[in-house]
Amino acid sequence: MEAPLYSHHPTYPSRPDSPDPVYWVTPRHLAGDDGALAERIGDILAGLGWSMWPTARHTLLYVSPDELCGAEWILAAYPFELGGLPVAWQLSARTHAASVMTGWNAYFTTGVPYEALADLLVAMDARESPDAGSRGPETVLNALGARGWIRDVDRPTTTAMDPGFASSVSLEMVPPLIQDADPRPDLLGWQAWAEPVLGAPYLWCATFSASVPHDLVAAFAASLASPVPVPRRTLPRNTEHRLTVVRRS
């Protein structure tokens, strides 16, 4: 069986005092966040040595040891929505610690599988410079293709989707309110989402501003498409018939 990208992910076994069993399910992109997106990502960041403090906006701000990367739990501030869902986490990076403006930002709504976000953060933390990257868009599409995702027939150079056509990762026009150091209009950035039932509400959405290095997006995409089962106590509505319970503990 394939090992997770981040081998130190907690497994979150059933607590002795918890009445809820743990279901190990696949595919990951439809597993949801188990209602624990803040706690799980907070644990990962603490394990990486990032500092944290609450802000006046009732958010939680985490900063990397080199002060170049940030992750903020902004759900309480409710700044805006993606696909009708509130943005929960905002990741950012800057070239210099003293810089006021961030080089790029990425946004994730509630419902996003926390394993994929955790692997992205680990990849960010491991880089010497969070804004450097020479690889092109093919890096993202190849990462998904290696996990069995298929390219869109009409847009094979920009879009891939899971074999069940419930989730997509695509290079699209950046939506409004997405901040980036590049001020030019009509920029392209990676967008990802899950729509378990066509026409029904999205399960989660993610948006990367235009300057996010492609290899970082690839880290998120590869984890998102991973076949490794993930533990969940609660399963998202509208995905039960599309999830496979590998085992129960």
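This report covers aromatic ring pairs and charges over rings in a predicted model.

Residues are numbered from 1 along each chain as its sequence is written, and side-chain values use heavy atoms, with hydrogens and water left out. Local features need pLDDT of at least 70 and side-chain atom pairs count only at pLDDT 80 or more, while totals for chains, interfaces and linings use all residues.

Rings of Phe, Tyr and Trp (its six-membered ring) pair if their centres lie within 6.5 Å; planes under 30 degrees apart count as stacked, over 60 as edge-to-face and the rest as tilted. The count by this rule is seven aromatic pairs. Among them are the two in the table.

| Pair | Centre distance | Plane angle | Class |
|---|---|---|---|
| Trp73 and Trp89 | 5.4 Å | 65° | edge-to-face |
| Phe108 and Phe208 | 5.5 Å | 90° | edge-to-face |

Strands are DSSP runs of E, at least two residues, numbered from the N terminus. Trp73 lies in strand 4 (residues 69-73) and Trp89 in strand 6 (residues 85-93), 16 residues apart. Both tryptophans are buried (under 20% relative accessible area, 1.4 Å probe, protein chains only).

The other pair joins Phe108 in strand 7 (residues 104-109) to Phe208 in strand 12 (residues 204-208), 100 residues apart. Phe108 is buried at a relative accessible area of 0%, and Phe208 is buried at 2%. Phe108 and Phe208 also belong to one aromatic cluster with Trp204 and Phe220.

A charge sits over a ring if NZ of Lys or CZ of Arg is within 6 Å of the ring centre and within 35 degrees of the ring normal. Arg247 has its charged end over the ring of Trp24, 4.4 Å from the centre. Arg40 lies over the face of Tyr114, 5.9 Å from the ring centre.

Key. Helices (H or I, at least four residues) and strands (E, at least two) are DSSP runs, numbered from the N terminus. Buried means under 20% relative accessible area, exposed over 50%, partly exposed in between (1.4 Å probe, protein chains only).
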